[in-house]
Amino acid sequence: MSPACVLVFDDEPHIGGRVDAEAEAAMTIWIRTTLHREARDRMSEHRPEPASEERRRSWDERHAASHPIEASHPDPLLVREAERLAPGRAIDIACGDGRNAVWLAERGWRVTGVDFSAVALHRARQRAERAGVEIDWRQHDVVEWTPAESAFDLVSLIYLQLPPEERAGVLARAARALAPGGRVVVVGHHRRNPDVGGHGPRDLHVLHDPDEIAAELAGGEGDDPGRLVVERAEEVFTEDEGGPRIDSLVVARRDA
Ligand SMILES: C[S@@+](CC[C@H](N)C(=O)[O-])C[C@H]1O[C@@H](n2cnc3c(N)ncnc32)[C@H](O)[C@@H]1O
């Protein structure tokens with residue numbers, strides 16, 4: 001049995017600060033084995049898969065098939081907003097492989113990262129280890145989960161593309177997680193993004209319109225005494241090495 005095969009039956013391989021081919025291979029094996037084991041268990045138990053479980057699995061597979069994590073950088077729109085703020089407590093909702101959460105932690109934010117994909121969180125942990133930062137990683141389906149109220153100075157949701165009936169609740173709960181004076185930053189593929197051939201989903205349902213996003217953030221206020229002030233609700237055109245794209249950017253502040 002080769003050393004790589006031994007890892008197949010291990011728990012998550014602990015890779016520490018080293019980035020090399022062996023470590024990447026170990027991670028790939030762990031991811032494939034986890035996905036395979038889940039599929040085998042489902043088949044042997046003849047379990048029907050709930051819709052949310054199917055979506056999580058589909059994201060696990062997408063993350064497993066994606067390029068090594070070193071290739072990605074923090075989101076430039078989040079960077080621009082966060083650089084204006086004094087570091088405090090942040091939560092990155094649908095954090096993926098942790099590119100934004102780790103960038104925030106490196107700048108002194110105390111960060112919680114939430115995603116429902118075990119593969120994404122596995123990679124995020126490795127990214128944080130390599131960067132030498134501590135992050136509180138949590139595995140939740142954010143459609144069915146409520147973050148702590150009034151607990152964060154920054155709440156970010158970057159490219160979480162959900163249908164409106166699910167998105168509205170997620171955004172309302174995200175806004176309620178803001179401490180007084182805190183800001184929520186929502187970046188998503190804009191509804192007009194497909195018109196310029198931008199990378200991302202084509203389904204209009206899950207694409208963002210800044211005014212709708214702003215309304216959904218505020219829609220959760222109810223009897224909450226803190227007011228939510230929308231500071232930006234705009235579309236942002238970018239052309240870089242990834243080609244052209246149109247993003248929706250919404251930034252809102254809870255009045256202190
Ligand atoms: C396009 S990726 C963006 C990741 C990250 N925000 C970034 O900018 O790199 C979307 C992420 O949302 C996560 N996601 C999708 N639906 C989710 C849900 N219902 N609950 C938790 N995470 C979800 C996926 O696993 C994936 O990591």
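Among contacts in this chain between residues at least 6 apart in sequence, 68% link residues at least 24 apart; two residues are in contact if their C-beta atoms, placed from the backbone, lie within 7 Å. Please note that the model is predicted: local features need pLDDT of at least 70, side-chain atom pairs count only at pLDDT 80 or more, and totals for chains, interfaces and linings use all residues. Residues are numbered from 1 along each chain as its sequence is written.

The secondary structure comprises eight helices and seven strands, taken as DSSP runs numbered from the N terminus, with helices being H or I of at least four residues and strands E of at least two. Of the 256 residues, 36% count as buried. A residue is buried if 20 or more other C-beta atoms lie within 10 Å of its own, exposed if 12 or fewer, and partly exposed in between.

Just after helix 5, Gly-108 adopts a positive phi of about 100°.

Two residues other than glycine also have positive phi. Ala-94, with phi near 65°, sits in the loop between strand 1 and helix 5. Ala-94 counts as buried because it has 22 C-beta neighbours inside 10 Å. Tyr-159, with phi near 60°, lies in the loop between strand 4 and helix 7. Tyr-159 has 16 C-beta neighbours inside 10 Å and therefore counts as partly exposed.

The ligand is surrounded by 17 residues, the closest being Trp-59, Ala-94, Gly-96, Phe-116 and Ser-117; a residue is near a molecule if its C-beta atom, placed from the backbone, lies within 6 Å of it. This shell divides into 10 nonpolar, three polar and four charged residues. Here Ala, Val, Leu, Ile, Met, Phe, Trp, Tyr, Cys and Pro count as nonpolar, Asp, Glu, Lys and Arg as charged, and the others, Gly among them, as polar.

Finally, I consider helix 7 (residues 164–176) and helix 8 (residues 210–218). Their axes, lines fitted to C-alpha atoms over the stretch in contact, come within 7 Å and cross at roughly 60°. The contact is made by Arg-167, Ala-168, Leu-171, Ala-172 and Ala-175 of helix 7 with Ile-213, Glu-216 and Leu-217 of helix 8. These contact residues comprise six nonpolar, no polar and two charged.

Definitions and conventions: Axes fitted to C-alpha atoms, helices over the stretch in contact; angles between N-to-C directions.
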